[in-house]
Amino acid sequence: VGSVLRHHSRRKDIAGWVHASELRNSCDLALGAMLLGYRPPRQIDARLQRIFDNGNFMHLRWQNYFLSLPGRFTVTVGRSYYCWPVAGEPDLVVEHPDFGLVVVELKSMNSGRFGMLRVPQPDHAAQVQAYAALTGASGLQVWYENKDTQEPRTFCQGCTPEVFEAPQRSYERAVERAAALAEQVLAGRMPRPCGACEWDEWAAALPLDEARLEALYRAKEGMS
């Protein structure tokens with residue numbers, strides 16, 4: 001675990017960027033708040049924390065497997081990539097002279113959900129598409145592991161191309177939307193609440209903090 005963690009840098013919620021995993025949030029106000037570096041306070045009970053911890057250790061285990069690959073493999077884990085307005089940390093970026101650059105997204109789920117898995121879930125396909133755009137990878141893969149049996153199941157762009165084509169178009173639209181919302185926030189107007197999510201009441205009271213606005217402007221202008 002220690003050998004893998006040395007490759008990781010702790011993600012920070014910084015103004016100026018929206019994370020790849022949050023880009024598809026349907027609430028404009030939520031994305032506006034994210035672009036200012038805000039996140040709502042979250043209460044996590046002990047059971048949910050254990051679920052998160054198990055998922056984190058699954059990621060570390062697979063990252064260790066990949067970092068141990070021999071020969072001409074170049075494996076990157078824990079690195080942050082930025083292409084305004086999106087930031088993200090792919091689980092795995094793998095490069096080899098024979099197949100180029102591939103980004104791999106790791107997910108775990110219980111037996112019930114795993115048994116119904118026939119294609120990558122839409123959010124996961126969209127997330128790996130975002131990471132491909134951030135890294136310049138030409139290959140996209142989503143790897144699932146059954147939490148109960150540790151059985152793996154993998155999906156790649158070449159095996160199920162139709163699953164990954166729609167998220168590419170969706171990603172481009174999502175980036176355009178986030179950029180437009182950033183312009184609105186920089187003009188001093190927070191987006192309207194959606195009326196249906198946890199962000200509404202909390203984010204509606206957020207101040208348009210001068211330092212956060214400056215950070216968003218600097219990120220947009222490439223000076224961050």
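Colleague: Which residues is Tyr171 in contact with, leaving aside its neighbours within four places in sequence?

Modeller: In this predicted model, Tyr171 is in contact with Leu23, Val86, Gln129, Ala130, Ala133 and Leu134. The term contact requires heavy atoms within 4.5 Å.

Colleague: What makes Tyr171 stand out in the largest nonpolar core?

Modeller: That core has 41 residues, and Tyr171 is among those that touch the most other members, together with Val18, Leu23, Val86, Val103 and Tyr144. Helix 6 (161–186) is one of the elements that give two or more residues to the core, and the largest share, seven residues, comes from helix 6. A second, separate core of 11 residues includes Met58, Trp62, Leu92 and Trp143.

Colleague: Why is Lys107 called buried?

Modeller: Buried means under 20% relative accessible area. Lys107 has 17% relative accessibility, and therefore counts as buried. Lys107 lies in strand 6 and touches Met58, His124, Gln127, Val142, Trp143, Tyr144 and Glu145, not counting residues up to four places away in sequence.

Colleague: How do you know that the side chains of Lys107 and Glu105 make a polar contact?

Modeller: A polar contact needs a pair of N or O atoms within 3.5 Å, one able to donate a hydrogen and the other to accept it. The contact between the side chains of Lys107 and Glu105 is 3.0 Å.

Colleague: Why is strand 6 described as largely enclosed by the rest of the structure?

Modeller: Seven of its 10 residues are buried, so strand 6 is largely enclosed.

Colleague: How do you know that strand 6 pairs with strand 5 and with strand 7?

Modeller: Pairing requires at least two bridges. Five bridges join strand 5 to strand 6, and these strands run antiparallel; a hairpin of three residues connects them. Strand 6 and strand 7 have eight bridges, in the parallel sense. Both pairings therefore meet the requirement of at least two bridges. As examples, Leu92 has Val104 in strand 6 as its bridge partner, while Met109 has Asn146 in strand 7.

Colleague: What makes strand 1 (18–19) and strand 3 (81–83) edge strands?

Modeller: Three strands form an open sheet of mixed pairing in the order 1-4-3. Strand 1 and strand 3 each pair on one side only.

Colleague: Where in the chain is confidence lowest, and where is it highest?

Modeller: The mean pLDDT is lowest in helix 1 (residues 2–5), at 67, and highest in strand 5 (residues 92–96), at 97. The chain averages 89. Where pLDDT is low, the predicted coordinates should not be read in detail.

Terms used
Residues numbered from 1 in each chain as written. Predicted model: local features only at pLDDT ≥ 70, side-chain atom pairs only at ≥ 80, totals over all residues. Heavy atoms only, no water. Helix = DSSP H or I, 4+ residues; strand = E, 2+ residues; numbered from the N terminus. Core = buried A, V, L, I, M, F, W, Y, C linked by side-chain atoms within 4.5 Å. Buried < 20%, exposed > 50% of the residue type's maximum accessible area, 1.4 Å probe, protein only. pLDDT = per-residue confidence, 0-100.
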